[in-house]
Amino acid sequence: MALRRPNEMLAAFSMASMTDVIFLLLVFFMVTSTYIFPTALEVNLPQGAEQSSEKPSVRVFVDAAGDYYLTTADEAEPAPLSRDSLAIALTAIARADSTATFAVYADSAVAYGKVVEVLNTGAANSLRMVLATRAAATPAPNPATAR
C-alpha cells in the first residue's frame with residue numbers, strides 16, 4: 001500500500017518574521033537617535049565648505065550678544081560663563097582629559113576677536129579645537145556658462 005503525500009500548498013502567509021524585522025529596525029533607530037546632540041542655544045553659524053565628522057566632548061557657544069556658554073557630554077543644557085570662568089573650565093577639562101576635543105559654536109554676528117579669544121584659551125590648554133559651521137549651499141549651475 002503506497003502512502004500519498006498531499007500536494008496542496010497552504011495559501012497562508014506568516015507575518016511573524018516581518019514583525020521581528022520591524023521591531024529590530026525600531027530598536028536600531030531608537031538607539032542611534034540618542035547619539036544626536038541637539039543644541040539648546042540658538043546660534044546662527046556661518047557657512048563653511050568643509051565639515052568635520054569628529055564628535056567634540058565639550059561645546060563652547062558664543063551668542064550674538066557675545067556671551068559664553070559651555071556644555072560637556074554630561075550636561076544637557078549650556079551653562080553661561082564669564083570669560084575668566086571659561087578659561088578656568090577649559091583648564092580643568094584639559095587636566096582631566098588631555099585628548100578632549102572642543103567645538104566652538106559662534107554666531108555669525110559675533111566679532112572675530114571673541115572667537116579668537118576662545119580659540120586662544122583652548123590652544124593655551126593644548127586642547128584640540130573644531131570651529132563649527134553650517135554646510136554651504138551648493139549654487140545652482142548657470143545655464144549660460146554650462147556650454
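**View 1. The largest cavity holds about 40 Å³ of space.** In this predicted model, one cavity of 30 Å³ or more turns up. A cavity here is a set of points on a 1 Å grid over the protein atoms alone where a 1.4 Å probe fits but cannot get out, and lining residues have an atom within 4 Å of a point. Points are joined across faces, edges and corners, and the volume is the space filled by probe spheres set on them.

**View 2. Tyr68, Arg83, Leu86, Ala87, Glu117, Val118 and Thr121 line the largest cavity.** Two or more lining residues come from each of α2 (83-96) and α3 (112-124); helices are DSSP runs (H or I, at least four residues), and strands (E) have at least two.

**View 3. Phe28 and Phe29 pair edge-to-face.** Their ring centres sit 5.3 Å apart, with 65 degrees between the planes. Rings pair if their centres lie within 6.5 Å; planes under 30 degrees apart are stacked, over 60 edge-to-face, the rest tilted. Phe28 is partly exposed at 46% relative accessible area (buried is under 20%, exposed over 50%, partly exposed in between, with a 1.4 Å probe and protein chains only).

**View 4. Phe61 and Tyr105 make a stacked pair.** Here it's 5.1 Å centre to centre and 25 degrees between the planes. Phe61 belongs to strand β2 (residues 58-62) and Tyr105 to strand β5 (residues 101-106), 44 residues apart. Phe61 is buried at 2%, and Tyr105 is buried too, at 15%.

Residues are numbered from 1 along each chain as its sequence is written, and side-chain values use heavy atoms, leaving out hydrogens and water. As the model is predicted, local features need pLDDT of at least 70 and side-chain atom pairs 80 or more, while totals for chains, interfaces and linings use all residues.

Methods. Rings of Phe, Tyr and Trp (its six-membered ring) pair if their centres lie within 6.5 Å; planes under 30 degrees apart count as stacked, over 60 as edge-to-face and the rest as tilted. On a 1 Å grid over the protein atoms alone, a cavity is a set of points where a 1.4 Å probe fits but cannot get out, and a pocket is an open set with protein on both sides within 12 Å along at least five of seven lines; lining residues have an atom within 4 Å of a point.
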